[in-house]
Amino acid sequence: MTLPPFLRAAAKPLRLMGQDRMAMIGLAVLSLVILMALFAPLLATHDPHSVNEIEEGSVLERGEARWTLRPSLGELALNDAASDAARDLIVGRDGTIWHRPEGGDWTQPERLTEVDLHGVDISPEGRGLIVGAESTILLQNGGDWAAIDAPDPGAELRGVAWYDAQTAFMTGAGEQIWRLDAETGEITQIESPVGRGFPLNSVARDHDGTLLAVGERGLVVRIDPQDDSTELVRLPSSRDFNHIYIAESGAALVVGERGTVLRRDDPDADWESGQAPDTRAMRAGWIGDDGTAIAVGRSGIVLEWNGGDWQVAPTESERHFRAILVRGDEMLALGSDNFVDRLARPSADHWFGTDHIGRDLYSQNVYGSQIALMVGFIAAGLVVLIGTNVGLIAGYFRGRTESVLMRTVDVLYGIPTEPFALILVLLFGPSLLIIILAIALLTWRTVARLIRSQVLSLRERPFVKAARVAGASHLRIMYLHIFPNVLPLVFLELAIITGAAIIAEATLSFLGLGAPQSISWGGILHDARLSGAWRTAWWWNLPPGAFIMLTVMSVFFISRSLEVIANPRLRARE
Amino acid sequence: MSRRNYLIRRVIQAIFSLWVIATILFFLFRLGLPDPTAALITEGLNAEQRAAVRAQFGLEDPLWRQYLLYLWNAVQGDFGLSFANRAPVASVVWERLANTMVLMIPAIVLAYVIGVPLGAWLSWKRGTGTDTGGIALGLMFRSAPPFWTGMIVILVLGVWLSAFPTSGMRTLPYDADGFLDKIFTLDFLHHLILPALVVALFYLGSPLLIMRNTMLEVYGEDFIEMARAKGLPERRILYNHAARNALLPVVTQLAVTIGLAAGGQVAVEGVFSWPGLGREIFRAVGTSDFPLAQASFLVLAAFIITLNLLVDILYTALDPRVTFQ
Amino acid sequence: MTMTRMTTTSSIAFAAALVLPAAAAAQEPVPPVEIYTTTESYDPIRYEGAFIIQEAWEELGLDVTVTPMEFSTLLDRFYSEQDFDATILGWSGRVDRLDPQFFLGTLDSRQAEPGANNPGGYDNPEYDELFDAQAREFDIEARRDIVHEMQELYMPDVPVVVLFHRDEVVAYNNTAFTNMNAMAGEGLYSEWGAMEAEPVGDRTTLRIGGPQEPDNINPLNSTSVWGWKWMRLYYDRLVRLSPEVEPVDWAATDVTAEDDTTIVVTLREGMTFHDGEPVRAEDVAFTFDYYMDSSYSYFDSYLEPVDSVEVTGDHEITFNLTEPSASFATITLSQIPILPEHVWADIEDPQELSPDDIPTVGSGPFVFDRYDRGEFMSITTNPDHFQADEIAVDGVEFLIYADAEGVFTALDTGEVDMTAWRMEPGQIPLAEDNDDLTVVSVPDFGYFHFTFNLRREPFDDVAMRRALTMAMDRERMVNVLLEGRGEVGTSVIAPVNEYWHNPFLERFEFDMEAARAELEEAGYSWDEDGMLVR
C-alpha cells in the first residue's frame, strides 16, 4: 500500500526523530506533561481553588522567650476554660469537654451533648457549670453532669459566672441574662436594659458582689443579684466586647474586636482604653492580682501587658485563640476554630505546601499544565496555519498578492511583540481566546517569511513545473506538491512556537493578565509575587517555573531533531 | 535594481510601516481604552470637573482632529504632555528607553560573548556528549522564563546571601547630574549584575545554537575542504576560516534580539523593579495615558524598524549572495 | 436582631401577602446578575471577595458571573456609564473625609446622575433632606444626631453594602526614629509625622519609602492625593487637622463665625515665605480668588460654599459664604494652601507650566529642595517657621520605588525609615520578625463597597438586596483575605470614626437561612433546579 505523498512526507521526520536520543527524552517528558494535563482531576489531591482550613484543640503555652505550641487536644476547637485548686475544665465545639485534675493529664469524659459549648465556670465549692448553644446548661452534681431544662430552648448561651455557691448567671447571644438557682434548677430570666437582642458574650463576678456582662456594640450591663436589677455601664469604647475577666483583687480586663483591651487596675479605678499594637480581634483576657495582663485572639495574636504599653508576644502561629487557662506559672492559650493553613511548607498533606490563602500548591501546579499546553498548542497551531498559508500563497502566486502580503508582514515586523500582546489583553480583557490571539497575531510573520522563501525556490523545481504542465490546479500544486516539501520546516516551527507560546502565556499570566480564576503556572508565580511572601516561600516559587522550563525544554528538544531533518546539512559528518 | 534604489525603497517602506502602526495605535487606544479622567473620580471630582480636565487634555475635540494633530506633532517629534504628570512625554520615553538599553545591551553582549565561542566549540565537538550537553544547557536557559530565573536569583543571591541589591537601578537618594553620571558608578554596576545575568542566560541559547549550526553548514562548504586539503591545522580552520564565515547570521540575530529586548522583558523589569520602557508602556496603557503610551510604543517601533533596516543593509553589504530583488 | 430589621421585614411580608396570588400564577426566573470587580493584580482582596460572594449567591439560586476589569475601565463603567448590575469598588479614607459630608453624599439622590458619586441610584427624599440639614447645622451635637439618623434611615434599604474596612499595616525602623504616630486614614505618612518624628540614630533626615509619587507638584494641577500629601509639608494652611481630626489653628490664630455665612480669620503675624517675603492677608485672599478663578477643579467642592473673600484688616480675612456650611472650618480652611501672590500673580495659565517652571515657594514647616521624578524628593526643615522648635528632623527624603516589594526591601535593610503605603500581607510577618521594625496597624475609615444598581432587576427589590447582603460572608473576607486585619463594614461612616458612626445599626450578619427566609417572605421561591423564581 502506498501512502499519499502528504503522509509519506510526515512519516520520514518521525522515523528520523526516533533515532535521536534528545528528541526521545523530549517526547517522553512532553507526554508526561500531556498526561498530567489530561488527568489533572485525578492527580490533584485538593480542589486547587479551595482554601484549606484546619480546626483543632490548639494549646499554646507561654515559655521563657516565646509562646510555643503544645500537642493539641483533639480536633475540635476549645472555647472556654475554668479552673480551681483541684482541677481544670475546658469546653469546646460539638460538646467537647476536657478535664484535668491537679497534677494529672487531660481526659475527656463521655460526650454528653453534640452542641457547641461556649462557657464554663467552677463554683467556690468546686461545682462545674457549662453553657452552650440551644440553651444547653450542664451542671455538675458530685462527679456527674446533668442537663438543666431552660425556659427558652433556642438561646445561644455564651457566658457563665457563679455568683455564690448556689447562684450562677448566664448570658446569651440574644441579650439573655439568666439566673440559675443550682439547688432547684430554676431559671429566672432577667430583663436587659437595652433589649435589642445584642449578644452578651461574657459575664464575670465583680469584687463588689455584682456581676458585669459584656457584649457587642460596647454593651456592658451590671447585674445586681440582690434584686435582679440591671444597669447600663459606659466603657470608653463602643466596640464588640468578647470577654471579661475580673481578678480577686478587683483588677479587670475586657477584650473585644479590633484590638480592644480595656483595663481597670483596681476596683475603684476608671476603665482605661489600652493602645493595642494590633487591630485584630481579641477573644479572651486574663489579668493577675499583680497587675500583669494577657489577651489572646485571632491569627495567633497574644498581647502582654506589664505596665506601660501592650506588647505583641511572638507566637509563630496562625491559630485563633479563644480562651486562657492559668494555673500557677503555667499559662495556656486555647483555640482554635477554623484557621487558614496558609504558607504551609511541603508536607504529606500538601506536597508542595500551600499559598497565602491556604490553597494547595501541588494541585494548582497540576492544573496549571492544562492552560500551558492548551495555549501553547492552539497558539502554535494558529500561527503555523496562518503563516504557512500566507507563505505558500505569497511564494506561489508572487506579483501583487505577494507584495500586499509581504508588506503586511513587514509592518508586523515593526511592532514590538511583548508590549503589543500586553496592550491587546489590557484592551480586550483577559480571556483564554484573547491571550491566544495576542500571542498568535504577530508571531506568524516569521513563519510566513520562512515558508515563502522555501516556496520561492520550490516553485521553480521540475516536479512543480511538470504538474503545472499536466494542468493541475493552483490549489493542487500548492497543497499536494509544494506543501509536503515544506512540512519539515512546518513541524520545526510548530515545535519552536509551541515553546515560545508557553513562555508568552506564562509571562502574560505573571503580569496579571491571565484569564480570571484560571490556574496557570505563570499565574501561580504572579500570586506568589503579589503576596510578597515569595521571598521566603520557596515551595511556592520553584515548582511552577520548573514545570514551565521542563515543558518548554521538552518541546525544544524535539524541535532540535526536527531542525536536523529540515536542514540536512546539519547532519553532515555526524 | 541598484543598491541606492533598493535603499530608498526600504526607507519608504519603513516610514509606511511606522505610519500604519501609529494609526492603529491611535484608534486602538482612543476607542478601546477607558476615559483617562476616570481615575479622578476616586479623588472626588464630579462629571463637570472631569470634563474640564478632558478639555485640558484636548480630548473634547473631534477624533479626526485629534488624529491629525497627533500625526503632525509626532512628525515634529513632539509627543505632547503626559496626562499623568504633565511632563513632556518625549523626555520620559527617552529616559526609559535608555534605562532599558543599559540593562539589555550589556546582557545581550554578554550572552553573545559567551555564546558565540561556545557554539563554535560545540560544533567542533559535534556528535559527542559535550555537544549534546552544551545544547541541552543552552535550551534549558532558553526554556526557563527569565522572570522566574530572576525570582530565584533574587531569592538566593539577593535575599539569602544578601550579596546583591534586589531592586532598582541605584541606591537612593544619590547625587548626580545627567544620565551618564548616573550610570557610571559602582553602585549602578552592583544593581545591574543580577538582572543582566538573568537576561544573558535567557538569550545565551540563540547565539550558541545559531553559531553551532552555521558552523556545521560552513564545514560542508568547499573552501573548508580546500583548507583541509592544504593541511592547515584544524584549530586554525575552525577560527580563521569557518568562524569568520559563520558570523553573519549571528550578527543578524544579535540585531533582532536587541530589537526584541528593547520592548521585551517587561516581566524581568518588573521583577527587578527596573524603570524600563516596557513597564512604562504597561503603566501608561493601564492608566489611559494616551500620549505616553503612544509615544513609548512608537519610539519602540521606530527603534525596531531602524534595526531591521540596518540588518538588511548589513546583509546586502556583507553577503555577496544577496541580490536586490 | 434589631428593631429596625423587624419592622421592615414584617412590612415586606405584608406587601408580599398582597401580591402573592398573582405572583404564584406566573413565576419568572430571577434575571442573571454580573458582579464587576478589580483585576487580581490591582487588588487581590476585592478580586477574591467577588468570588466568595458569587459562591454564596449561587447557593441561593442566583445565576452569578464575576467579571474582573482593569481599574479605569471599572471606574468608567460604574461612574460615567452606570452600566453595571453590581460593582465592588472602594473609597480611600482621606483625612478630609472624616467629616461625614463626603461619604453621606454618596447616597444622595442628587448625585445619582452619570459621573457623580451615587451610581447605584439610591433615591430617598427623606435622606436628601437630612443631608442638607446636616450640611448646614453648625451645632456639632445636633449635626451628629442627624448624621446618626441618616445612617439608621438608609441601612434597612441596603443600597450599598460596606464590605469591610481594611487596616493599613505600615512599619517604621525603631532604631532610626521614635515618636512615630499613625493617623487614621493616613498611616504614618500624615502631615504631622515628619513634624513629630525624633531621630534616635545617626541620621537626622527622615526617609520615607513608597511606591507612589505625586502626579505633579503644581498646586494648580495636581489631582492626586500623593501630590498633596507631599505639598502640604511645604505649604501652610490656615488650619490643620489634628491627629484626632480636630481643626487646630495653624497659619490662622483665630477663626470666628460672625454669623452663619460670615467667617473671619485672623492670620498669624510674622510669617514669611521661603523666599523671605512676608505672608500677608492679601496672599490668603489672592490664593482663594486664584483657585476660584482657575479651571483647576480639584478643590471645587471645598470652595463651593465660598462666595467672596475680602481682606478686612492688616491680618484679617473675611470669608462670605453663599450658605451656612458645617464643614467650612474643618475642610475648606484645612485643605487650601497659602500661595505667595508675588510668585503666582503673573502666571496666566498655571496648568500649562512645565515641570521645571513650577514654583515651589510656600511658607510651611519644610522648604522644597528637589524632586527627581521616579527616584526621590526631598525637603529641608524651615528654621524660620513658627513651629520650627518643635521639629526634630533636619528634613525629609521620599524615596520612590517601583513597587511595594522594593519599598519593603529598603525598609528591611534600613535604607528607609518608614513606609508611606501599606505593606503586602506576606511582608507583615517578615517585618514582625525584624526587631528593628515596629509594625503599626491603622484602622481605615475608607471602605470597600458593594454597590447594587437600584435601577435594575433584581436589585430594585429591597427584599432581594437584604437577602443577598445576608448571603455575603464578609467575616470570611476579613479573616481569610485580610488575615483578620480589617473590620466587617456596617455604615458608610466607619466605626473608627467614632464620633459620627452610629453603632446601633442593623448588621446583616452572614446567615443563609435568614437570607432564604427573607426571600420567601417577599414571594420568591425556587424551581426544580434550585434557581430563584418569582
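User: Contact means heavy atoms within 4.5 Å. How many residues does the contact take from chain B, and how many from chain A?

Analyst: In this predicted model, the contact takes 55 residues from chain B and 47 residues from chain A. The two chains bury about 4600 Å² between them, with 73% of that area on carbon and sulfur atoms. On the side of chain B, Trp148(B), Met151(B) and Phe282(B) lose the most area to chain A, and together they account for 14% of what that side buries.

User: What makes up the contact between chain B and chain C?

Analyst: Here 38 residues come from chain B and 43 residues from chain C, and the area buried is about 3200 Å², of which carbon and sulfur atoms give 50%. The count between these two chains is zero salt bridges, while two residue pairs are found in polar contact, both at pLDDT 80 or more. Helix 2 (47–56) and helix 12 (277–286) of chain B each supply at least two residues of the side of chain B that touches chain C, and helix 2 gives the most, with six residues. That side divides into 17 nonpolar, 13 polar and eight charged residues.

User: Why is Asp355(A) called buried?

Analyst: Buried means under 20% relative accessible area, and Asp355(A) has 0%, so the term applies. Asp355(A) lies in the loop between strand 29 (339–340) and helix 4 (361–397) of chain A, where, leaving aside its neighbours within four places in sequence, Asp355(A) is in contact with Arg342(A), Leu343(A), Leu361(A), Gln364(A) and Trp540(A).

User: How do you know that the side chain of Asp355(A) makes a polar contact with the side chain of Gln364(A)?

Analyst: The distance in this pair is 3.4 Å, which falls within the cut-off of 3.5 Å for N or O atoms. The side chain of Asp355(A) also reaches the backbone nitrogen of Ile357(A), at 3.0 Å.

User: What makes the aromatic pair of Tyr296(C) and Tyr298(C) tilted?

Analyst: The search of the whole structure finds 57 aromatic pairs over all chains, among them Tyr296(C) and Tyr298(C), whose ring centres are 6.1 Å apart and whose planes make an angle of 35°. Ring centres must lie within 6.5 Å to pair, and planes under 30 degrees apart count as stacked and over 60 as edge-to-face, so an angle between these limits is called tilted. Tyr296(C) and Tyr298(C) are both buried.

User: Why does the salt bridge of Glu216(A) and Arg507(C) join two chains?

Analyst: The side chains of Glu216(A) and Arg507(C) meet at 3.0 Å, N to O, and the limit for a salt bridge is 4 Å. Glu216(A) lies in the loop between strand 16 (211–215) and strand 17 (220–224) of chain A, and Arg507(C) in the loop between strand 21 (486–488) and helix 17 (512–521) of chain C, so the pair joins two chains. Both Glu216(A) and Arg507(C) are buried.

User: Why are Arg516(C) and Glu513(C) separated by about one helical turn?

Analyst: Arg516(C) and Glu513(C) are three residues apart in helix 17 of chain C, which means a separation of about one helical turn. They form a salt bridge, the closest N and O atoms being 3.4 Å apart. Since exposed means over 50% and buried under 20%, Glu513(C) counts as exposed at 57%, while Arg516(C), at 23%, is partly exposed.

Conventions: Residues numbered from 1 in each chain as written. Chains lettered and ligands numbered in written order. Predicted model: local features only at pLDDT ≥ 70, side-chain atom pairs only at ≥ 80, totals over all residues. Heavy atoms only, no water. Helix = DSSP H or I, 4+ residues; strand = E, 2+ residues; numbered from the N terminus. Buried < 20%, exposed > 50% of the residue type's maximum accessible area, 1.4 Å probe, protein only. Polar contact = N/O pair within 3.5 Å; in protein donor to acceptor, adjacent residues only side chain to side chain. Buried area = accessible area lost by both parts, 1.4 Å probe. Nonpolar A, V, L, I, M, F, W, Y, C, P; charged D, E, K, R; others polar. Phe/Tyr/Trp six-rings, centres within 6.5 Å; stacked < 30°, edge-to-face > 60°.
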